[in-house]
Amino acid sequence: MGSIRDKVAIVGMGCTKFGELWDKSIPDLVVDSCYEAFEDAGIEPKDIQAAWYASRESGFTGAHLSRALKTEYIPVTRVENFCCGGQDVLRNTCYGVASGVYDIALACGIEKTKDHHGGFGLFIQEPLDRGMTEWDIPPASQFGQYATSYYYHYRDYYGWDAEGFKRLLALIDVKNHHNGMLTPKAHLHREITVEDVLKARIISWPFGLYDACGMSDGGAAAIVTTPEIAKSIRKDYILVKAQALAAGAGQSTMQQEFDFLRFPENVAAAKSAYKEAGITNAREEISIAEFHDCFSTTELITYEDLEFSPRGKAPEDVQAGRFTLEGEQPVNTDGGLKCFGHPLSASGLRMTYEIYKQLQGKVDNPERQIKNPKLGLIHNIGGNVGIHMAAVTIYGLPE
Amino acid sequence: MVGITSYGVHVPLFRLDRQVIGGRGEKAICNFDEDSITMAVAAANDCLNGTDRETVDGLYLATTTSLYKEHLGATTVAMATDLRQNTYTTDFGNSLRAGTAALKAAIDAVQAGSAKKVLVTASDCRPSAPGSALEQNFGDGAAALLIGDTDVAVTIEGSYSVYNEIIDVWRNNTDTFVRSWEDRFAVEQGYLPTMYEAVSGLMQKYNYKPADFAKVVFYTPDARRGAEVARRLGFDAKTQLQNPLFDVMGNTGAAFPLMLLVAALEEAKAGDLILLASYGNGGDALALKVNEPIEKIRNNRLGMKGHLTSKRIMTDYLKYLRWRGIVPLDKTPGPVATYSAVAAKREYNQSISIHGSKCKACGYVQYPPQRVCTKCHAKDQMEPYSFLGKKGKIVTYNLDYITPRTETPIATTEVDFEGGGRIQCYMTEVDVDQIKVDLPVEMTFRRYPLWEEVSLREGVYLYFWESRPLRA
Amino acid sequence: MVGITSYGAYVPLFRLDRQAVGGRGEKAIRGFDEDSITMSVAAARDCLNGIDRETVDGLYLATTTPPYAEKLGATIVAMGANLRRDIITADFANSLRAGTNAFKLALDTVKAGSAKKVMVTAADCRLGIPRSAFEQNCGDGAGALLIGDTDVAVTLEASYSISDEIVDVWRPEGEQFVRYWEDRFATTMGYLPVVHDTVSGLMKKYNYSPSDFSKVVFYAPNARRCMELARSLGFDAKTQLQNPLFDVMGNTGAAFPLMLLIATLEEAKAGDLILLASYGNGSDAFALKVHEPIEKIRDRRGMKGHLASKKVITDYMRYLRWRGLLPIEPGVKTVEFYSAVAAWRERDQNLRLEGSKCKVCGTVQFPPQRICTQCRSKDQMEPYCLSDKKGKIATYVGDRITPMPEMPTITTEVDFEGGGRMECYMTDVTLEQLEIGSVVEMTFRKIRVEDGVHIYFWEATLPRT
């Protein structure tokens, strides 16, 4: 088996403001995100030879992208993979270039969840035609199961009561909200305190209002090319070091060995990505990361799954502030899903946008710029328990 | 001087041959994709032909067959006729007199100086039970009058109103069909005495005699009763009474008085005095004087005459019942779609106002509005472009006989427009023998015929523009 | 000078304690025998206190909850308010803006000289799905304004309107409950920007600044959005914004802007400039100036009087029964058929409460007679209206057998000041409140719906204030 490491480069990116964009249509988001990417790369729309378009809620086929941009009969593929859509669309674009067939390709992820009643609704319904005999379990209850296990397993060790556990999780929420304040393109700009988190309405214990990300609209795009062509476009292109995607096979909900203290899909994706990138100590080597903080415990458990913290020790690192802007390993420097919301197929590309700008030293608000990051990592996980899709991509600057 | 400066009407294309329901003549019936809103739009656009839309300050819609109890119809009509955003819109409801109530209010508004031009449109497609006398009499249609203070073709000389609280002809919120008490009671205690009272009240107030009027235009529930009132009041029903058009159209509810007025105006000449009287829980009587500018209005519109002669006779009663939703349709599952009020709001400009965009860089007209020009790829260089009133031709088309819908075949057309632009759209009132490439077509505002399930589920009615063969 | 010469309002007696549905405060709920028509009659009568009914030349009714799809509501209200027959009548429909639509067009009618006095009544009793946020917020009520050209208390200085197509809050024909899209869409794309643009349009066009207005009256879907709107326009929500009364009444639909205006006018003084803005597929904004004659309109029950007089209901099931959302046991039906003919014949006695007075002996009698009950004179009667007369209970009884939304059903014999007696139902009262000799007044209510007809009549009740 081969590797994607250093085979493709990102030379331009665009990202719209995320939020309740009532007056923006799908074509608007495509045009705004892709044109920012074109300008950033200094290329023309007609230079794109192939495109990949990701959306879960906002359209079938690639026609939404071709019609908005007026591409000239180039191939456009539609990608969908729940919350990993944004990473998966980039993944496919990279393989298109790495195959040697396309020199310059476009990845774009768009979601208009707010066009539906209150967002994409509480349930993940698959397939569309159903006998309707299964329960529809909302995401909060899917991810909440992990929170419950984690609390029960570690509460004696850490001396938590129910409030104590929530206080720990609150630190993650406060961190992300603080970072969001420094990010103009984020949807939410609101500083919160631990007390705010504790007082908030409970959705599904331990998740209160501030422990869960909201739904929003947004779009982002990336221009992918070979490192040779990248060199001729700009000095500060970024290289893709690894791209991993792991699909669950239902193990967690069918096999008793699975303990709900970890996401097996996360663990598998991380292993694959680190092998591909040649990383042996993620805790030391990854400078900055964007995690899928759909819920606070998802971020907490991912610290361990991705080996940023030893198994069972993430709470200590959280308490110590390791993952804050000032810490040793900042995670979600732009406020994460908490502050951007989660337009499913756009999130992975929005995370890439943050890492891209951070590696280049060109973040729009210097107050959240990390000094000299070397390797950046993005992570997404989505879907139902047992059949999660987890994705990890690692980026770095050219030597 | 305040009064009518333009008029327009819409009589649906289809006529039901009354022989199939045991009567004589024809009655005008809505197509399955028409309703009080679409007909009002057609009449309003007919009326505003030649008027700068920017100059209209208000639009009053009158109907007893509103699709909503809470959602203005006038705003939809205002968007589909391209009026300004700060136009004054209001709905008059619940009465066959709503049309004249709106007319009077519009005259007051211009007279008071609150507006310089107000469009009044009355439109109805009242539901009647199969086999009933009401079914024999009812027709569907709409009329529009532009009220202004310059180039006034018809001035309002005076008016008089009286109300009559009576349950004669009515429809409760939960009723499917309009009800009527026994005809003799409804006419003898309702219609006849009230019309008499309203008209004689007017004549007394302003000292008119029957001979003063060139024409007398009466709302009438059937072909005979109008003449009876006319005779009682001292008019010559043969020479003075406007033909109530029962043999070719039928009683069009709140629109009826205004449509018959337009028919009268089409024959009137300067100096004529016309009496208009409506009925519905009371009567409104108005005296109208015709002036020179009437000649200018007559020529560039189809009017009642043109609409009445342009027709297709229907003899298939079952089809009529299907169109009315009285006979249920085969509920074959349709395409999966969820309605989004958010997306709909963003798209009103293109879906209701039929605006495309024109590229300022290369001049290319496109629909729907784009950000990136389809021709030169310039980005965000667009200005709004209205297709309202533009003539087009069929470039290509397709007839689908398979998909079960209210009417088959379903025709899809690509239409190229004079002045630029192409629109892909459904075609309505398809004449299978006539449809061909290069067929001249015009655009018409209709209820979107697919997504019936969506309307039922979401409680929202969807509108769109379709192509159709030229009416004239 | 044309403008408001009188005002009146009606808030139903009953209030639902919102704790019953997990909220705070109270909302006004119509009795099971009330609707938009009956509430309009009450508001109109309040407005016409001390005013000669004969002088009213028109009546405009505004509501999104009319009893009929085809039949004027305005004529029923005109009868209940005992107005002349040769007047202009029209129903304004389909919009929460209908109340201000009717107000604006009534001003045009009087200004144009088509009428000297026009009554505008707006009423609504919108229904929300049980336990929804909408149900929490909406209330029932009516407001009335008399528009005229003499002794004008409030003039229209300027107005501005915007028309806006949007599906945010709506109700299709044939459906009972109001539907609504996600609140954030409805407020961010509907209410807030449209009213904001309309009010700032008015202020820009006529050169007003926020401090020019003593009071600002806004239609609002809830209390929070009201303050948000006020602040976004530069008004001081604390001192300038008319309290939208959500804690004691709720959003009364098409009537809301007029009722809140009336609440403002009850405190206003000559010289005040008031801003009024409605919302519903667009917005109407008005700048209104108050003049001296406002002091002459103080003797109305209005908002203050009606809000202070209340009975609080804590039983949510009772409210559901009243709305017909909880079925009640069907009673044994006596054999009777509705007759439109008989109803038409009796319309003046039923709707105007018109009896007859004998010209020979002066005896007042109800229903109207041809032969005098006292002196037996024949055909010597003149019409005599009882609706505004106070009366006393001669006797009364409570029926606990016939299943009705409220039990027992109270029947009474009312002896009127000035003569006349009639038998009628009582409403809004309990047996415990009554004695022989209790003072009562008459109120216009709906007895029932039969064969697609809404049957209205008068009932006795204890004086509201």
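## Exercises on a predicted model

**Exercise 1.** Strand β6 (residues 88–93) of chain B is joined to β6(C) by 3 bridges; in this predicted model, determine in which direction the two strands run and which residue stands opposite G93(B).

*Solution.* The two β6 strands run antiparallel. Turning to the contact between chains B and C, 62 residues come from chain C and 62 residues from chain B. On the side of chain C that touches chain B, strand β6 (residues 88–93) of chain C gives the most, with 6 residues, and the residues of that side divide into 31 nonpolar, 16 polar and 15 charged.

**Exercise 2.** For the open sheet of 3 strands in chain B, work out which strands stand at the edges.

*Solution.* The strand order is β3-β2-β15, with mixed pairing. Because β3 (26–29) and β15 (312–314) of chain B each have a single partner strand, they stand at the edges, and one side of each is left without a neighbour in the sheet. Neighbouring strands of this sheet are turned by 40° against each other on average, direction ignored. Within the sheet, β2 (residues 14–17) of chain B is joined to β3(B) by 4 bridges and the two run antiparallel, with F14(B) opposite I29(B).

**Exercise 3.** Classify the packing of helix α5 (residues 162–181) and helix α11 (residues 296–305) of chain A.

*Solution.* Their axes lie 9 Å apart at an angle of about 95°. Since angles of 65 to 115 degrees count as roughly perpendicular, α5(A) is therefore roughly perpendicular to α11(A). The contact is made by L169(A), I172(A) and D173(A) of α5(A) with S296(A), T297(A), E299(A) and L300(A) of α11(A), and these residues divide into 3 nonpolar, 2 polar and 2 charged.

Conventions
Residues numbered from 1 in each chain as written. Chains lettered and ligands numbered in written order. Predicted model: local features only at pLDDT ≥ 70, side-chain atom pairs only at ≥ 80, totals over all residues. Pairing = 2+ DSSP bridges. Axes fitted to C-alpha atoms, helices over the stretch in contact; angles between N-to-C directions. Parallel < 35°, antiparallel > 145°, perpendicular 65-115°, else oblique. Contact = placed C-beta atoms within 7 Å. Nonpolar A, V, L, I, M, F, W, Y, C, P; charged D, E, K, R; others polar.
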